[in-house]
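Subject: Structure for you to look at

Hello,

Please find below the sequence and structure I promised to pass on. My notes on what was found come after it.

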Amino acid sequence: MVTNVAILGATGSVGGAALDVIARHPERFRVWAVTGHHQVNKLADIARVYQPEIVGVGTRPEESCEAYYGHGDSKSVPRPEVVSGSIGLDAIATCPEVDTVVAAIAGAAGLPSVASAIGAGKRVLIANKEPLVMMGSYLMAEAANAGALVLPVDSEHNAIFQCLPRAYRHTVMGQFARESSTVTGGRYPWNVAAVTLTASGGPFLNTPIEMLTQVTPTQAARHPNWSMGRKISIDSSTMMNKALELIEACVYFSLPPSAVRIVIHPQSIVHSLVEFEDKSVLAQMAVADMRVPIANALAYPERIASGAATLDLAEIGSLDFLTPDTERFPCLNIARTVASAGGNGPIVLNAANEVAVDEFCAGKIRFTDIVPIVVETIERMPFADISGIEQVLEADGKARVLAKEVSSRHEL
Ligand code: NAD
Ligand code: MG
């Protein structure tokens with residue numbers, strides 16, 4: 001049977017990797033829908049190759065359609081349905097013909113469509129970590145209610161997913177209520193003692209701290225091992241990416257922040273590890289290629305070819321592991337505090353970071369202003385409990401206004 005896949009964010013780095021894996025298995029997968037935001041010509045090229053039924057564009061469908069039909073060899077262009085904006089994204093995420101949704105939009109903009117896909121009971125492959133940070137426990141509970149299969153695509157979480165016992169994994173997939181993961185003798189379900197997320201350390205792992213004030217957006221986006229979109233690349237340089245991933249891990253695997261460790265691993269070969277009560281540690285390894293976790297999640301529980309290169313450990317020679325320097329990377333401790341406190345904290349952290357990264361990319365603030373802006377926004381925003389998506393969006397909006405105000409005082 002062919003699985004119909006919708007790729008939200010098909011013009012991005014993860015979206016492109018997902019298309020590549022799917023193209024290797026035409027007998028298994030059909031691209032039913034693709035979406036993109038600004039890169040209309042790239043979206044048109046994708047649509048020409050994959051011939052989806054539906055294309056989701058940004059906010060101006062007429063212009064996009066014109067670009068779509070007017071671009072390249074128009075005679076051979078199939079005519080998919082074109083939908084637009086957040087309504088279009090929602091329609092694709094809940095489309096009855098779609099079996100699997102790949103959530104690969106960058107940032108909080110992906111939240112409504114992730115929530116819709118989960119609510120519609122789809123198999124949802126989540127790369128887009130920001131919605132999980134903002135309202136992960138709500139989304140996981142919703143997945144259990146709606147019978148959605150939530151599968152992690154973020155490489156670290158996919159690695160942990162692969163190392164966990166099958167029964168534990170199923171809590172991630174939302175098939176069982178969270179309560180069913182009762183403790184069976186260990187500190188956490190199925191005798192899991194802790195998980196360890198690996199982090200490359202980004203491009204500034206060894207840069208003298210006093211030189212960081214001069215860093216440009218291009219330098220910050222130059223990740224040593226992974227080729228990724230701009231926002232996540234800059235998050236990797238501040239290690240905010242790992243901070244978000246710490247919160248993401250707590251959500252996926254029902255663990256407190258104290259059970260999520262971070263280790264710097266500059267080679268990005270070990271993607272994460274799980275320690276059990278007996279002190280056995282399982283790790284997942286592969287070359288740094290997002291097609292590996294994407295193929296794993298697309299075919300789970302089966303295994304399919306991803307197109308990634310074979311891991312040659314002898315050629316790599318040695319793997320290094322270091323304790324993160326929390327003075328250089330203060331985001332890690334901030335995330336622990338925020339994740340422990342709960343409420344609106346993770347939403348504020350994420351929103352302030354998105355604002356600060358945008359301001360940095362626009363040349364308005366220094367690289368070293370990003371984290372202080374996030375910290376001040378968190379400190380000044382009153383704590384609030386969150387119980388539904390409306391409150392999440394409200395908290396996100398308020399945090400963005402405050403973060404902009406804080407950021408304006410740092411303007412160059
Ligand atoms: P990217 O910038 O390359 O692509 C982002 C995609 O989202 C594009 O298709 C863009 O058109 C779309 N988009 C952006 N803003 C939008 C909006 N307002 N509305 C609708 N669509 C919008 O980003 P990426 O590197 O592919 O990352 C996507 C997500 O996956 C992020 O949340 C990132 O943290 C996560 N992720 C990425 C990687 C990676 O290797 N790139 C690894 C792990 C997790
Ligand atoms: Mg990751």
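Gln51 counts as partly exposed, because its relative accessibility is 42%; here buried means under 20% relative accessible area, exposed means over 50%, and partly exposed is in between, with a 1.4 Å probe and protein chains only. The residue sits in the loop between α2 (40–50) and β3 (54–57). Helices (H or I, at least four residues) and strands (E, at least two) are DSSP runs, numbered from the N terminus.

Before the rest, some ground rules. This is a predicted model, in which local features need pLDDT of at least 70 and side-chain atom pairs count only at pLDDT 80 or more, while totals for chains, interfaces and linings use all residues. Residues are numbered from 1 along each chain as its sequence is written, chains are lettered from A and ligands numbered from 1 in the order in which they are written, and side-chain values use heavy atoms, with hydrogens and water left out.

Other backbone points

Lys279 also has a positive phi, about 75°, although it is not a glycine. Lys279 is in the loop between β10 (270–276) and β11 (281–285), and it is exposed, with a relative accessible area of 60%. The peptide bond from Tyr300 to Pro301 is cis, with omega near 5°. Pro301 belongs to the loop between α12 and α13.

The metal site

Which residues coordinate the magnesium ion (ligand 2)? They are Asp154 (OD), Glu156 (OE) and Glu245 (OE), at 2.0 to 2.2 Å. Donors are N, O and S atoms within 2.8 Å of the metal (3.2 Å for Na, K and Ca); water is not among the atoms, so sites may look incomplete. Along the chain, the donors of this magnesium ion have the spacing D-x1-E-x88-E. Asp154 and Glu156 are both buried.

Asp154 also forms a salt bridge with Lys129, the closest N and O atoms being 2.9 Å apart. A salt bridge is a side-chain nitrogen of Lys or Arg within 4 Å of a carboxyl oxygen of Asp or Glu. Lys129 and Asp154 are both buried. A network of salt bridges links Lys129, Asp154, Glu156, Lys242 and Glu245.

Glu156 is part of helix α7, where the buried residues also include His157 and Phe161. Nine of the nine residues of α7 are buried, so this helix is largely enclosed by the rest of the structure.

The two domains

The protein chain is divided into domain 1 (3–157 + 172–178) and domain 2 (179–408); the bounds come from an automatic or database domain assignment. Their C-alpha centres lie 23 Å apart. How many residues of each domain are in contact with the other? The counts are 43 residues of domain 1 and 48 residues of domain 2, where contact means heavy atoms within 4.5 Å.

The size of an interface is often given as the accessible area lost when the parts come together. Here domain 1 and domain 2 bury about 3900 Å² between them, 65% of it on carbon and sulfur atoms; the area is found with a 1.4 Å probe and summed over both parts.

Five salt bridges are counted between domain 1 and domain 2. On the side of domain 1 that touches domain 2, elements supplying at least two residues include α1 (13–23), α6 (129–146) and α7 (155–163). The largest share of that side, ten residues, comes from α6.

A search of the whole structure finds 21 salt bridges. In one of them, Asp20 pairs with Arg291, with the closest N and O atoms 3.0 Å apart. Asp20 lies in helix α1 and Arg291 in helix α12 (residues 291–299), so the pair ties together parts that are 271 residues apart in sequence. Asp20 is partly exposed at 26% relative accessibility, whereas Arg291 is buried at 16%.

The side chains of Arg28 and Glu302 also meet in a salt bridge (3.1 Å, N to O). Arg28 is in the loop between α1 and β2 (29–35) and Glu302 in the loop between α12 and α13 (313–316), so this pair ties together parts 274 residues apart in sequence. Arg28 is partly exposed, at 22% relative accessibility, and Glu302 is partly exposed, at 46%.

Regards

Technical notes
Buried area = accessible area lost by both parts, 1.4 Å probe.
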